Amino acid sequence: MIDEKLQPILNEVMNRNAGEQEFHQAVKEVLESLGRVIAKRPYYADNALIERLCEPERQIIFRVPWIDDNGQVQINRGFRVQFNSALGPYKGGIRFHPSVNVGIIKFLGFEQTFKNALTGMPIGGGKGGSDFNPRGRSDREVMRFCQSFMSELHRHLGEYTDVPAGDIGVGGREIGYMFGQYKRLTNKYEAGVLTGKALFHGGSRARREATGYGATYFVERMLATRGETFEGKRTVVSGSGNVAIYTMEKVLEFGGIIAACSDSNGYVVDDNGIDLDLVKEIKEVRRGRLSEYVKLRGAGAHYIEDGSIWDVPCAVAMPSATQNELTGRDAKRLITNGVMAVGEGANMPSTPDAVKLFQDAGVLFAPGKAANAGGVATSALEMQQNASRDSWTFEKTETRLAEIMRDIHDRCAETADEYGAPGDYVLGANIAGFVRVAEAMDALGVI
Ligand code: NDP
């Protein structure tokens, strides 16, 4: 339910951003949490801080022309939404996926603003991307695309202005090509302008692992509030990309069992527990499809093309692929099968009715903007290392990541308690993130 004072704000967002469903969904979810804040502190509403927060500071849309391996000219569309810089330079990933449009980038930038505030680090929120589909493209095609994308985007970036990273379809290879083009165009080795770089370009150890490890640390702490651990628990992780792979790695380290994982064509269930080395070989080395898993693994492994991965019984569910991938129907199935905790590795993977079902059933539920903040937090650690020309060990970086995730968990839990909703991590994350950004914006005046 949205407070009656906040409903006009949602109406205005929907009118002004017509057709941008994911953005509407993300704003609505946050506004549903803010009624209790403005009841306590009407100042935020009186000074239009919520309206200001819902309007991005800047939105850039541009043409990305490039030439494919057949010599044909291809045209894609590029986006960067610089959402909020009250706490620091815009910070947020770049997504290459055919589904990308301005509404998706805006929802991601909005979520990112709260997420980055929750980390307690000096970073604002932004997001970017393109409707370019890297799947099936050669390395050279991906390189030419990245170079063209950066030829336009570079004028909007800078280590004190806007610092992108990876997201769906953008990993170390793409970051390398974009960094190369930025360096060439600006004639500056400005390592702090992009994160997720290779180590020899000033990348941080543990950045690749950070989102998945961080989400697992968050769920571990959430389970501990009920005296539980991952030990022996069947866990289902959707996706088999960056976030999913390193979620699986940490769950295994914590003694959990990975029952299933997926890609956009289907999912794999393995009676003996998913063989993570094999998934890495298929997805990271060969850039192949998960359907190859069964042939390579042999007895006990099953590949299912039609259906939902959430039908697989588990104690912990970690949706780590994409937005709205876990529906109300899936939530009902998970609850019937005895799920105890859900940790969102992806951004907004659960639909609003799924979230409500989990919360009503007393399932521990960690929203993405809190649970997956470990990636951007480690990006901020990468910026810190770049600024001091330093390079930390894996252990030091992971220890910092674990501390940051513990603090985010506790901040969400304490805020939920303070606002009379114990155990509601959605409300805790939204309010804690909002208050930090709103205070920082207010102190800058009306700009
Ligand atoms: P990757 O591109 O590495 O992996 C994405 C995975 O999700 C792949 O297995 C992909 O399958 C699957 N997937 C993508 N789109 C769909 C779809 N429409 N339907 C079903 N499956 C899909 O991306 P990441 O792991 O980096 O990102 C995953 C999620 O985590 C996203 O929501 C992202 O915003 C979020 N996130 C990522 C962070 C990071 O540091 N990378 C930080 C915080 C959040 P296929 O291979 O078939 O395409």
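This report describes the strands, cysteines, aromatic rings and selected residues of one predicted model.

The model is predicted, so local features need pLDDT of at least 70, side-chain atom pairs count only at pLDDT 80 or more, and totals for chains, interfaces and linings use all residues. Residues are numbered from 1 along each chain as its sequence is written, and side-chain values use heavy atoms, with hydrogens and water left out.

**The sheet**

Helices (H or I, at least four residues) and strands (E, at least two) are DSSP runs, numbered from the N terminus. Two strands pair if DSSP finds at least two bridges between them. An open sheet of seven strands has the order 9-8-7-6-10-11-12, with mixed pairing. Its edges are strand 9 (301-304) and strand 12 (364-366); each has a single partner strand, so one side of each lacks a neighbour in the sheet. From one strand to the next, the twist averages 15°, where axes are lines fitted to C-alpha atoms, for helices over the stretch in contact, and angles run from 0 to 180 degrees between N-to-C directions. Strand 6 (residues 234-237) and strand 10 (residues 316-318) run parallel and are joined by three bridges. Val237 has Met318 in strand 10 as its bridge partner.

**Cysteines**

A disulfide is a pair of cysteine sulfur atoms within 2.5 Å. The search of the whole structure finds zero disulfides. For Cys261, the closest cysteine sulfur is that of Cys314, and the 13 Å between them is too far for a bond. Cys314 is likewise in no disulfide, with the sulfur of Cys261 as the nearest cysteine sulfur.

**Aromatic rings and charges**

Rings of Phe, Tyr and Trp (its six-membered ring) pair if their centres lie within 6.5 Å; planes under 30 degrees apart count as stacked, over 60 as edge-to-face and the rest as tilted. There are 19 aromatic pairs in the structure. One of them, Phe358 with Phe365, is stacked, at 5.9 Å centre to centre and 20° between the planes. Phe358 and Phe365 are both buried. A cluster linked by ring pairs holds Phe62, Trp66, Phe96, Phe132, Phe145 and Phe149.

A charge sits over a ring if NZ of Lys or CZ of Arg is within 6 Å of the ring centre and within 35 degrees of the ring normal. Arg41 lies over the face of Tyr44, 5.0 Å from the ring centre, and the charged end of Lys250 is over the ring of Tyr213, at 4.4 Å from its centre.

**Accessibility and contacts**

Buried means under 20% relative accessible area, exposed over 50%, and partly exposed in between (1.4 Å probe, protein chains only).

| Residue | Relative accessible area | Class |
|---|---|---|
| Cys261 | 0% | buried |
| Cys314 | 5% | buried |
| Ser320 | 8% | buried |
| Glu20 | 12% | buried |
| Lys28 | 39% | partly exposed |

Contact means heavy atoms within 4.5 Å; the contacts below do not count residues up to four places away in sequence. Glu20 lies in the loop between helix 1 (7-16) and helix 2 (21-40) and touches Val102, Gly103 and Lys106. Ser320 belongs to the loop between strand 10 and helix 12 (328-336). Among the residues that Ser320 touches are Val237, Ser238, Gly239, Glu325 and Gly345. Lys28 is in helix 2 and touches Ile2 and Leu10.
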